[in-house]
Every structure is written in structure tokens, then in C-alpha cells.
Amino acid sequence: MTVTETLAFSDEAMKKYEWLLSRYPTRKAALLPTLRIAESEFGELGVPQMKYVADLMEIPPATVFGVVTFYTHYRRAGVGKYHLQVCSTLSCALRGSGDVVSRVTERLGIGVGETSECGLFTLSKVECLGSCDTAPVIQCNDDYHEGLSLEDVDALIEQLRQEAGKGGA
Amino acid sequence: MSFRKIFTPYIHEDKCHSLKFYQGKGGYEQARKALNDWQPDDLIETVKAANLRGRGGAGFPTGVKWGFVPKQSDKPKYLAVNADESEPGTFKDRLIMEKNPHLLLEGIIICCKAVGIHHAYIYIRGEFVFGANRLQNAIDRAYSEGILGENCLGSDFKLDVTVHRGAGAYICGEETGMLTSIEGDRGQPKLKPPFPAVEGLFGCPTVVNNVETLANLPYILEIGAEEYRKIGPENSPGPKLFCVSGHVEKPGVFELPMGVSLRTLIDEHAGGVWKGRKLKAVIPGGSSAHVLTADECDVAMDIESLAAAGTMLGSAGVIVMDETTCMVDALLNIMRFYHHESCGQCTPCREGTGWLEKIAHRIAVGGGRVEDLDLVTEVCDRMVGKTICALADAAAFPAESIVKKFREDFVAAIENGGSPAWVKRHPANTGGAAAHV
């Protein structure tokens, strides 16, 4: 409980939240977008963060938990700084997404669903990202990396490592 | 009249998504006319006369759908724009939202004027972060220029538009699942009736239209219903975005008249099957469609022709597979998708998709039995038409057609200890040892 009490939206986030409420006839309808605010404010949606949103919106915590876990795209607790989501549905599979997964595994030493020891990378296989013409595709956090060769995969990992190094992570 | 592109003519130009660019090409003129000169009923009749049919997958006549919304309602009415685009093989609405967002907004204004709607929600899938930002920027601009808001384009019509991001769930592309998700719940579909037109979002009358459907509206007003009906076949006319992916030289989105031949689409527009290989199979309308063999591809890409060919236009997501593709692996991939995406409400879907994935898996890894092929059909029979929404059907259609039309691939995998890819990876492990993996 003490963890929950220390969590709070910034003034800016609270403003966004108030604006969201004005866009819907019910408070509950603002739940999905409010979880996005929580995600960006707190970095992840673990139990304390979900509890905070539940309290803020006066929605039962179980409902919030049910919503967060129903969807795949919220940033759940324990995910690395860079979430490498490899599209594995048919069009990407036909153009080598399996090799992309193997390459990431080789380079980072992590399997699907695992996070690297340094905490930088999590590897996931995800379903169709709606970018089938540029297969194979990785969504890293919010960004799409499209038409990837295996060398592009190496370069992406390298670039992310450098970026993390600069940020002092 | 020669064919004119309406969605994609300028997508390669810098700033094509900007308001200035859009207005420079005559953008928002049709919305202005709709708001100031047209009567709502005339708009509905014109869209009916144009025979615009929904571009999301079901192909329902748009004007007819609008007509179901009660004219007099003491509740507010809503428009829910389906931008969830998650049918495997489909990536057309993304192009409109990223490159031509004001075209969508203009279509939204016309629809809302026709039906008397003052708030539209655009439900965009959560993964499309770039597209959602593009849309939001376009909406912000439209508000600041008086295109949206209290007095749209100088009229007395009020319209608000809100972007609502999904969070990763295929089922939210199903219309009632989408409405449930906007209401802040797990995106589980609801029984129909009541249909959304009568009791939809927040219990109020709601129009649900796809992005591409709405993007047709300015053009219909511009050239009139009669001219619009002349584009492609009369029963499903209009310009259309076709998505081609998989084993072709040039995958992409192609804007062509409805009714283009599937063969032409693949061979000419998408550059043909890649690496000089032969065609093996094509999914013509997103992964929920019945699969076609190479010999069945001389078919027109329109709603009626594909239905007559035993499949569907669906979302026009064409997935091409070359001669090296093992259809057991393709089936396994597709079934894993549906099993993962089943929302879990209805037993035939929740269990059926799981069974189909397991059967495909055991055949792929060398534990299959010939009886499994009949079992697939049997499971499919117990799924189709027995659930709240069409996800069960969407899984069963490819399953039964792939097994029926490519039976030899399955028999070979059963006899040879797995699919070719599996056998290559596990040469010593043949004969069903992996049946229970």
C-alpha cells in the first residue's frame, strides 16, 4: 500500500486526464487512454500502478487488472527498456520473421518472453502489426522498424545499445 | 471516365498529410457543401444510390446501415470509426491515416451530417502510434481552423472527433468488441440484436464505419452516385485499396477499381511471385478468408465475384504463397493467431481455435494422423455460426479450406514425420515422437 501512496500523476498528466474525462459521457470510457498516461508517467503497469489508476478513476482494481491483462500492448511490469516485438503472423513469417527472432536470440542470448540480464531488452513474438508489405517487422516500444534484413537487426540492436549508453542507463 | 485515384494520388509528395496540402487539392469542399447545402436524407439516399459497401470486411451497404439509425432519438448518436486494422494481411487504413488524414476527417463530417451525429470516436489500434499522432495533429489543426468544433466550416453544425487508441486485441476490430473497448472494458463482443445502429456506444444509436469506407464519401458527393456506380462492377463499385503481401516482388497497397483480376493484381501490380517461383496459394481477403489455389486466381476482386468463388473480398488483404510454402506450417501460423486472439467468451471459439492449433501443431511436428484431417473439418463444423461474433468462423474458414485444398501437404507431413521445415531441423526425430509437444 505504501508504494501506491507514493505514486501520483504529475500536474501535466492530471490535466491530460481531466481533458480525457471531458471527451466521454462516462468516466470508465477514459480507462484505456488513462492507462496510457499511467504507462508514460510510471514507465510500466504493474499492480501498484493499476491500483493507482483504479483509485483515481473509482473503478474496482480487479476491473482495471482485467482490462490491462486482456490487451497485449500495455507495458507490463518487468519489461526491458527496449521491448522488441517481432511480428510473427503469416505475411511476416513468409518473409523470414522466424530468422529475425533467431537472430535477436543469438545476439542477446534471450529467448522469446525473456529479458536480457542488463535489463535493456525484452524479446516478444507478437501477432500481425498491420505492416505486412514491409515484412519482416519489429516494433520496438512505439516505433516500427520495417523491411528488416538480419544485418538491419544487428544494426538496430547496436543503435539501441548506444542510445542506452548515452542516456546513462 | 478514366479511373482516378482518390486515396493515394499524392502519397509520395512531401507534406501530403498537411491541411494546407489537402485544401490546395480541393479538400473539405464536399464537407462544406454537405454541411451548408445538403439535407441529411439526401445524403443518405445518395450514398445508398452509389451503392457504397463497407470496406472493413463485411461489405454491408453503407447508406442502408445509416438508414437503420432512428431519425428521432432522445439520446445522442455516435460514430465509431473502425481503424483497428488488425486482419492479417491488411495495411490500407494505416496508409490513409498516415498520408491522408484529412480525407478521413472530411468523410467523418459528411457521415455525421447525414445521420445527425455530433461526436465521432476513431478507434485506432494501439500499435499504430505514429498514425494516432498524425490523426491527432490533423484533428487539432481542423479544430483550430474551424473545420471541427462548434460551427463546422461556418455552419451551425457541431462536431467533436476523439481519437481512442486500442491496446492490442484483434477482437476489437469486431464492431461490438470495439464499442465495448471504447466504453473502457475488455473488448468482448456483444450479442446482436440490438444492433449498434439502435443500441451501440454507451447504449445510444451508433454508426460503425471503416476508415476506407468513410474516405469514399467526399468523392461520391463530388461526382455523384451515378458516376460512382460506373467504377468497377455495379454490385460493389468504387475505387478500392488492395493490400498485397507475402511472396511477391513488390508488396504494397494498390489503388485500383473494384473488380480488378486477382491474377493481374499479383502479376502486374505486385510484380509477380518472387524469385521466379511458381504460385501455390493465395488468401484474397485477409487471413479469415477461404484460401484459393493457384488455379483459382482468375477471379475478379469484388464482393460478389469472390463470394461466387467460395471465398471473400473481406479486407482485401491478399497474402501470396509460393511453391516452397508448406501449407501445414501456414495453417499452424494462422491457427496460432486465432487461438491467441479469441476473446474467450464462447466455448466453441475458445476451445475450437485451441484444438485447431494443436492439431496443426502435431501434424507439423510429426505426430499427426490421417484422421486428424477429418477432425479439422469436424471441429470447424462445430464452430461456424455458433458464437457471438464471427471470430470462430474466421478461424474455421481458412482451416477447412487449407486442409481440403492442400490435403497432399498434410498427408506428406503425416507420412514423413512432420512438415519439411520441421524434418530439416530434426532429421532424427521422425515417426510421431513429438506428438505431444
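Chain A carries an open sheet of 4 strands, arranged in the order β2-β1-β3-β4 with mixed pairing. Keep in mind as you look around that this is a predicted model.

- Starting from the order β2-β1-β3-β4, the edges are formed by β2 (121-126) and β4 (143-145) of chain A, each of which pairs on one side only.
- On average, neighbouring strands of this sheet are turned by 25 degrees against each other, with direction ignored.

- Helix α7 (residues 97-108) of chain A lies across β1, β2 and β3 (138-140) of chain A.
- Relative to β1(A), helix α7 of chain A runs at about 150 degrees.

**Where chain B touches chain A**

- Chain B gives 44 residues to the contact, and chain A gives 32 residues.
- On the chain B side, the strands that give two or more residues are β3 (160-165), β5 (239-246), β6 (252-257) and β9 (317-322), and the helices are α8 (175-182) and α13 (327-341).
- The largest share of that side comes from α13(B), with 6 residues.
- Sorted by class, the side of chain B that touches chain A holds 17 nonpolar, 18 polar and 9 charged residues.

How values were computed: Residues are numbered from 1 along each chain as its sequence is written. Chains are lettered from A and ligands numbered from 1 in the order in which they are written. This is a predicted model: local features need pLDDT of at least 70, side-chain atom pairs count only at pLDDT 80 or more; totals for chains, interfaces and linings use all residues. Two strands pair if DSSP finds at least two bridges between them. Axes are lines fitted to C-alpha atoms, for helices over the stretch in contact, and angles run from 0 to 180 degrees between N-to-C directions. Two residues are in contact if their C-beta atoms, placed from the backbone, lie within 7 Å. Ala, Val, Leu, Ile, Met, Phe, Trp, Tyr, Cys and Pro count as nonpolar, Asp, Glu, Lys and Arg as charged, and the others, Gly among them, as polar.
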